[in-house]
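User: I'd like to learn how to read side-chain contacts and a chain interface. Can you take me through them step by step?

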Amino acid sequence: MKIRANALTAIALAATAALSLAACGNGTASSAATDTATSTKVAGEITVYNAQHDTLTKEWVDAFTKQTGVKVTVRQGSDTELSNQIVQEGAASPADVFLTENSPAMAQVENAGLFADIDKATVDQVPAEYRPSTNKWTGIAARSTVLVYDKTKISDDKLPKSMLDLAKPEWKGRWAASPSGADFQAIVAALLEQKGEAATTEWLKGMKDNFKAYKGNSTAMKAVNAGEVDAALIYHYYYYGDQAKTGENSNKVTPYFFKSQDPGAFLSVSGGGVLKSSKNSAAAQAFIKFITGKQGQEVLKNGTSYEYAIASNVDSNAKLVPIKDLQAPAVDPAKLNSAKVTDLMTKAGLL
Amino acid sequence: MTTDLSARISPEIPGASASTTTAGRGKRPRPPFGVSAISLLAVLIALFSLIPLGYVAYMTAATGWDTAVALIFRPRVGELLLNTVMLVVFTVPICLVLGVGGAWLVERTRLRGHRWWAVALAAPLAIPAFVNSYAWVTAVPSLEGIWSGVLIATLSYFPLVYIPAAATLGRLDPAIEQSAASLGLGPWAIFFRVVLPQLRIAMTGGALLVSLHLLAEYGAFAMIRFDTFTTAIMTQFQSTFNGTAGNMLASVLVFFCLILLLAEVRSRGNARYARIGSGAQAKPTRLPLHHYQIPSQLALLALTVLAFGLPIFFVLRWVLAGGARVWSADEFLPALLQTLAYGTAGAAATIVVGFPMAYLAVRHPSWFSKMLELSNYVTSSLPGIVVGLAFVTVSIRMVPGVYQTSGVLIAAYVLLFLPRALVNIRSGLAQAPKELDEAAQSLGKAPLVSFLKVTLRLTAPAAAGGAALVFLAIVNELTATLLLSPNGTHTLATEFWSKSSEIDYSGAAPYALLMILLSAPMTYLLFQQSKKVAGQ
């Protein structure tokens with residue numbers, strides 16, 4: 001009996017101890033290393049709301065922490081989940097930095113008036129076509145829309161000329177997408193911006209009839225590879241990333257780029273921004289400057305993310321189709337409207 | 001409001017307990033203060049546990065009738081409703097057949113190695129449903145849709161019927177069956193007309209548990225592309241954080257849960273199942289299996305291989321395929337530590353919170369203590385996603401100071417898993433005679449001291465059992481953790497989920513393995529505990 005009663009106390013103690021352990025588990029702040037890229041001294045800690053891929057952001061964070069000693073806490077979520085969360089949190093948001101995979105969620109936070117201006121030095125690193133004209137946030141990387149398909153099922157002459165063709169009856173039951181993902185919603189947002197609400201609604205209706213829903217782009221690609229569907233509308237780097245690993249999920253698929261400024265050639269700009277309410281905006285700005293700087297962009301060039309590098313004159317990974325050959329349509333990233341998109345997709349029965 | 005309520009209610013307690021048949025009330029030296037303090041606590045806890053339900057009702061009302069109707073009565077909700085209803089309608093009966101059939105073979109026949117089988121049939125409970133789904137998707141990559149959902153749900157949840165059914169069958173009084181046989185009934189007739197009716201409580205309770213798990217499950221169904229209300233709410237949450245459409249789906253889901261609860265109460269009935277009269281009960285007789293022996297062995301083997309062997313095999317295969325790379329300590333250790341921390345803290349908090357309620361229920365049973373328990377029972381039957389949504393909204397709007405702290409997550413765990421602790425503390429309290437407490441007081445100990453030294457110590461083992469169950473539930477919890485966890489949180493479940501959704505199956509495997517290893521002893525404990533509870 002006595003042991004049991006003591007055990008309860010021990011459990012409570014262990015819990016407290018473990019909680020505090022966990023709290024400072026990743027707090028091993030490395031000593032402020034020599035400062036090369038960042039001109040101003042920064043310190044302390046920041047919280048990043050991260051909708052970018054876990055592994056990519058981790059590479060950025062580790063390199064940044066090593067260089068500056070700033071401790072970075074990451075909250076993982078999806079683009080619109082986190083943007084809506086920031087909007088609801090308002091000035092009380094614990095976030096200092098917000099990173100996304102796509103632009104619509106950035107536009108949403110910008111429209112809510114929650115972003116601080118991006119430092120001039122950072123803006124200068126990023127070409128104008130990869131950032132909003134307002135400079136309330138900036139592009140940090142980019143990803144291209146692509147149709148991955150099974151060559152044995154679709155001959156070259158039967159490939160769709162435009163992404164819009166996928167709503168036609170001959171594509172019924174033949175293609176996959178991940179409608180719950182921010183990636184796909186960004187494609188729809190670009191379509192909305194280019195062709196208007198009526199055309200978008202029409203296309204979504206056709207999509208609902210034709211497509212098969214998967215959770216996540218990689219799962220959709222895997223379905224093409226396994227012969228469950230003929231094609232999948234995803235972003236390019238899922239293919240290149242898998243090819244670079246084992247190719248297990250992509251060896252039987254071929255990427256097809258729509259080009260010709262088609263809505264399906266949309267190049268989605270991943271965003272990074274600093275929140276007005278940040279309690280450590282110096283470090284937050286330094287972080288954005290770091291990832292759009294040479295070292296941060298080289299993570300894109302040399303790392304395993306296969307997203308396009310866009311800033312500081314760093315080339316993208318040599319395995320990719322060069323960004324200028326993609327013939328992407330011109331879309332102002334600040335004008336992409338995520339709320340309208342989820343609304344239209346909910347109405348079409350996709351969410 | 002709260003003080004007012006408890007002041008009005010607490011005087012009822014002595015009167016109410018007088019109406020029960022427990023003896024010795026007249027000499028009870030406990031001062032009314034202690035009871036009303038405990039009642040107050042229990043009322044506060046009950047009110048707190050009603051937050052999620054209140055939230056859903058409030059959100060539905062605040063949305064406005066027209067918007068709510070537009071969001072609830074649309075084709076997509078029809079699809080989800082059909083999926084969810086079909087899932088329950090197909091899975092629950094299969095679980096009942098497998099659970100009761102397995103329990104009967106193990107407890108009432110001369111099955112070879114029945115002691116071994118008795119444990120083996122409970123073992124699948126140690127494998128979280130989303131890990132099961134992950135293993136099955138590896139084995140059969142084309143799994144999708146309703147039938148895959150039924151398959152995975154059945155294999156994950158049939159032990160929820162098996163365990164109570166086996167416990168009940170193990171202590172059935174054979175006298176009734178013997179009388180039936182002497183009146184000329186054959187073995188089949190005895191099974192259906194005598195044995196099965198006595199399993200009613202175990203079966204309805206098990207069926208309710210299975211159904212509630214079906215409604216709450218997210219990961220397992222998301223992995224095989226089967227949409228239910230819970231997966232759709234999660235999708236909405238990821239698209240809009242806290243949008244109206246998701247909240248309306250949640251209100252339909254809550255409605256569903258309440259219907260199930262009512263159905264269970266109704267079908268449980270009022271019949272009495274306990275043995276009446278004095279004397280020791282004979283051991284249940286075991287039927288010879290003869291030429292059914294081999295088919296029975298094969299059937300049980302098939303079931304355990306599919307439900308337990310296959311997931312273990314594929315988890316281990318992925319672990320081996322991943323090699324040393326996937327065990328990188330800087331990702332792995334924090335996840336393990338945080339899971340242990342949340343598990344222990346959540347279990348401890350649940351026990352502490354459960355105590356006042358259990359105390360009232362056992363020592364001062366009344367309609368009041370029943371209401372308190374019921375309010376919590378309703379909340380814990382709500383899926384984690386609804387409780388998570390409620391806590392996100394309430395904390396962000398009303399108590400921003402606690403928003404995104406581990407406290408909120410632990411509070412959610414307490415609400416979700418309180419009944420698991422309550423059941424155990426109650427049985428422990430019931431076995432700690434209050435006469436001992438009273439004796440200590442009559443020997444001059446202060447009420448509080450005697451309570452701590454006598455009752456609490458006698459209840460500790462049962463409370464520890466309850467804590468273990470809550471710990472198990474927290475280790476495998478996914479949706480509420482995804483919604484509520486503080487910045488920088490990585491638990492085994494969330495890490496497993498994030499890796500497996502990037503189809504990094506070998507990276508996810510170690511987390512799956514650890515969840516199973518942590519769950520196994522708790523599952524065994526649950527199995528042992530169920531026998532004790534049924535035997536008392």
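Analyst: Start with a charge over a ring. The term applies if NZ of Lys or CZ of Arg is within 6 Å of the ring centre and within 35 degrees of the ring normal. Here the charged end of B:Arg225 sits over the ring of A:Tyr214, 3.7 Å from its centre. In another case, the charged end of A:Arg174 sits over the ring of A:Trp171, 4.4 Å from the ring centre.

User: What should I know about the model and its numbering?

Analyst: The model is predicted: local features need pLDDT of at least 70, side-chain atom pairs count only at pLDDT 80 or more, and totals for chains, interfaces and linings use all residues. Residues are numbered from 1 along each chain as its sequence is written, chains are lettered from A and ligands numbered from 1 in the order in which they are written, and side-chain values use heavy atoms, with hydrogens and water left out.

User: How do I read a salt bridge, and how many salt bridges are there over all chains?

Analyst: Side chains of opposite charge can pair when their charged atoms come close. The cut-off is a side-chain nitrogen of Lys or Arg within 4 Å of a carboxyl oxygen of Asp or Glu. A search of the whole structure gives 21 salt bridges over all chains. One of them joins A:Arg174 to A:Asp230, with the closest N and O atoms 2.8 Å apart.

User: Why does the pair A:Arg174 and A:Asp230 tie together parts that are apart in sequence?

Analyst: Look at where each residue lies. A:Arg174 is in the loop between strand S4 (138–149) and strand S5 (175–177) of chain A, and A:Asp230 is in the loop between helix H8 (217–225) and strand S7 (231–235) of chain A, so the pair ties together parts 56 residues apart in sequence. Helices (H or I, at least four residues) and strands (E, at least two) are DSSP runs, numbered from the N terminus.

User: Are A:Arg174 and A:Asp230 buried or partly exposed?

Analyst: Buried means under 20% relative accessible area, exposed over 50%, and partly exposed in between (1.4 Å probe, protein chains only). A:Arg174 is partly exposed, at 24%. A:Asp230 is buried, at 13%.

User: Which salt bridge partner does B:Glu144 have?

Analyst: B:Glu144 pairs with A:Lys212, the closest N and O atoms being 4.0 Å apart. B:Glu144 lies in the loop between helix H8 (129–139) and helix H9 (145–157) of chain B, and A:Lys212 in strand S6 (residues 211–213) of chain A, so the pair joins two chains. B:Glu144 is partly exposed, at 29% relative accessibility. A:Lys212 is partly exposed too, with a relative accessible area of 24%.

User: What about B:Lys499 and B:Glu331?

Analyst: Their side chains meet in a salt bridge of 2.9 Å, N to O. The pair links distant parts of the chain: B:Lys499 is in helix H25 (residues 492–501) of chain B and B:Glu331 in helix H18 (residues 329–363) of chain B, 168 residues apart. B:Lys499 counts as buried at 17% relative accessibility. B:Glu331 is partly exposed, at 25%.

User: Which residues are linked in a network of salt bridges?

Analyst: A:Glu101, A:Arg143, A:Asp183 and A:Glu307 are linked in such a network.

User: How do I read aromatic pairs?

Analyst: Rings of Phe, Tyr and Trp (its six-membered ring) pair if their centres lie within 6.5 Å; planes under 30 degrees apart count as stacked, over 60 as edge-to-face and the rest as tilted. The structure holds 28 aromatic pairs over all chains. The ring centres of A:Tyr239 and A:Tyr240 are 5.1 Å apart and the planes are at 85°, so this pair is edge-to-face. A:Tyr239 is buried at 13% relative accessibility, and A:Tyr240 is buried at 12%.

User: What does the pair B:Tyr134 and B:Tyr505 look like?

Analyst: B:Tyr134 and B:Tyr505 are edge-to-face, 5.3 Å centre to centre with 70° between the planes. B:Tyr134 lies in helix H8 of chain B and B:Tyr505 in helix H26 (residues 505–535) of chain B, so the pair ties together parts 371 residues apart in sequence. B:Tyr134 is buried, with a relative accessible area of 0%. B:Tyr505 is buried at 8%.

User: How do I read the interface?

Analyst: Count contacts, then area. Contact means heavy atoms within 4.5 Å. By that rule, 41 residues of chain A are in contact with 50 residues of chain B. Buried area is the accessible area (1.4 Å probe) that two parts lose on being put together, summed over both. Between chain A and chain B the value is about 4000 Å², and carbon and sulfur atoms give 56% of it.

User: How many salt bridges are there between chain A and chain B?

Analyst: The count is two.
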